[in-house]
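Biologist: I am new to this structure and would like to learn how to read it. Could you walk me through a few features?

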Amino acid sequence: GKENRMKVLVGVKRVVDYAVRVRVNKGTVDLANVKMSMNPFCEIAVEAGVRLKEAKVASEVVALSIGPKQCTETLRTALAMGCDRAIHIQTDASMRTDYMDLQPLAVAKLFQKVVEEQGSDLVLVGKQAIDSDAGQTGPMLAGLLGWPQVTFAASIEPEGEGLMIERETDSGTEKIEIPKLPAVVTCDLRLNEPRYATLPNIMKAKKKKVVTLKAGDMGVDLEPRNKVLEVYEPPSRKEGIIVDNVDMLIDKLRNEAKVIA
Amino acid sequence: VSDPLVAGAVPPATLSVIAAAQQLGDESVTLLTDGVPSEPVPDCISSILVMGGGKTAESVAAAVQSVAKEHSYSHILTSANKFGSNFAPRLAALLDVSPVTDVIQILSEEEFVRPMYAGNVLTKVQATDSPLKLLTVRSTAFDKAAVTKSCDNVTELDLPEWTASIWKGESVSKNDRPDLGSASIVVSGGRGLKNGENFGLLEKLADKLGGGAVGASRAAVDAGYVPNDLQVGQTGKVVAPDLYIAVGISGAIQHLSGMKDSKTIVAINKDADAPIFTVADYGLVADLFEAVPEMTEKL
């Protein structure tokens, strides 16, 4: 019935595009003139939310992004993919969101304020951001809210008043039942194949509402709790060689690298 | 906090976490497990806490929270795999601690190194916000603690039942090969293998190499050639064996992230421009369907 239709909140993060190989410059990761995109796992979360709406399980899908003013572009992408409206928690331009300044605990606390204010039933986020690689925000948010959580979701199916979710584990998969919402779910790679936003939908997305809030006004301590002391590139591997044939490969592994008997 | 015991033994990933814990000083280490180990444990384990029943992140986090309140631990560590990554950030929020995840190096009691940007950047992090440090540890970055003795100092925890999420069963992929995360030799296949049956070629090679593990790239998993738990990379497993043989894998940033700390890397690929050759110690530009059987035969 209509009364059971859930309100979904999806978190989306603006990160360096997945195909860019970043460099360290002047003691930090150089983000000048680097292509930025929506974090790939967040795209999967948006797709999951939009599919719940298309299946008439969700009544509304709201996208939330936390970061500098350019995050509105990321939110427009989420709107073009089918989210209904968006909330932007704007941070100062100087505040990096890749763990150097803003860190997951503060992000989760900002997120919590929005969840409580919006009365969301289901929060969907990616399993990790590909810049910080922290993978903390989803389970932290669930902990702060006291809600159940499922991480690394590979399938999400409505069941009764709740959800049946299959999640990826270290040895395969397992099923977790959420008998009743609310809940937080983090999305793994194999949950779905995110759609491309079509031009008409990109045009429509321009008319959708984006509300902007200031991160500094939300009563959350934004100071990084873990101090980043140093940023550096890992030692590069010594240059390898191209062998002519299988015999030479076996000889090198046996007598030079000494890794096989 | 131990990964689930395997046949009564502390699993390899947790033995690495224990080795990391020992680097923090010579204090005693308490092991929180899902059962009483029937196999020996490392010498530094002074007590074992057992939580019954809890398989969800909520129950594990609640169990650790309850003991964290009672004992004043300086550090709580667990593995940075899917088990540890599931509950540790939740626990962190419950304790209002900012965790350091995927630690690859311990510099002091409060300074740690962790990778970012798919391993292309390392950051030295100082955790000063609380007396308690919460860490998830990349197991391949630490040796495994030796198992030496049994520990009789066992306490069963009495825990409240969590019902807002219910564990309904698992599907463990059948695999009698060595554990991918701790094998000394790994043979991995990518899209170049063309189908799941052809992974048999890699298994034969791994067997000839004395029983190596078999891994895969994301492309091979997405195409359904092999199950997801074989995926090596930023979003799958991180491996660092003595020998990593990448067969028919182009070498995207996300794959390199999971294997570039291997001691020796071999790439077999027919595309001479494949990025995998930039990290390979030995590259062979060849058709894998000829080179792999030839190598298996000649070993």
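Modeller: Let us begin with exposure: a residue is buried under 20% relative accessible area, exposed over 50%, and partly exposed in between, using a 1.4 Å probe and protein chains only. Please keep in mind that this is a predicted model, in which local features need pLDDT of at least 70, side-chain atom pairs count only at pLDDT 80 or more, and totals for chains, interfaces and linings use all residues. Residues are numbered from 1 along each chain as its sequence is written, chains are lettered from A and ligands numbered from 1 in the order in which they are written, and side-chain values use heavy atoms, leaving out hydrogens and water.

Biologist: What share of the 261 residues in chain A is buried?

Modeller: Buried residues account for 54% of them.

Biologist: And how many helices and strands does chain A have?

Modeller: Helices (H or I, at least four residues) and strands (E, at least two) are DSSP runs, numbered from the N terminus. Chain A has six helices and 15 strands. Its C-alpha atoms fill a box of roughly 70 × 40 × 40 Å along the principal axes.

Biologist: How many salt bridges does the structure hold over all chains?

Modeller: A salt bridge is a side-chain nitrogen of Lys or Arg within 4 Å of a carboxyl oxygen of Asp or Glu. Over all chains there are 27. In one of them, Arg85(A) meets Glu60(A) at 2.8 Å, N to O. This pair links distant parts of the chain, as Arg85(A) sits in strand S7 (residues 85–90) and Glu60(A) in strand S6 (residues 58–67), 25 residues apart.

Biologist: Why does Arg85(A) count as partly exposed?

Modeller: Because its relative accessibility is 24%. Glu60(A), with a relative accessible area of 19%, is buried.

Biologist: Are Lys180(A) and Glu161(A) buried or exposed?

Modeller: Both are exposed. They form a salt bridge too, with the closest N and O atoms 3.4 Å apart. Lys180(A) lies in the loop between strands S11 and S12, and Glu161(A) in the loop between strands S9 and S10.

Biologist: Where do Arg218(B) and Asp222(B) lie?

Modeller: Both belong to helix H5 (residues 218–222) of chain B, four residues apart, about one turn of the helix. Arg218(B) is partly exposed at 41%, and Asp222(B) is partly exposed at 39%. Back in chain A, salt bridges that share partners join Glu47(A), Arg51(A), Glu54(A) and Arg195(A) into one network.
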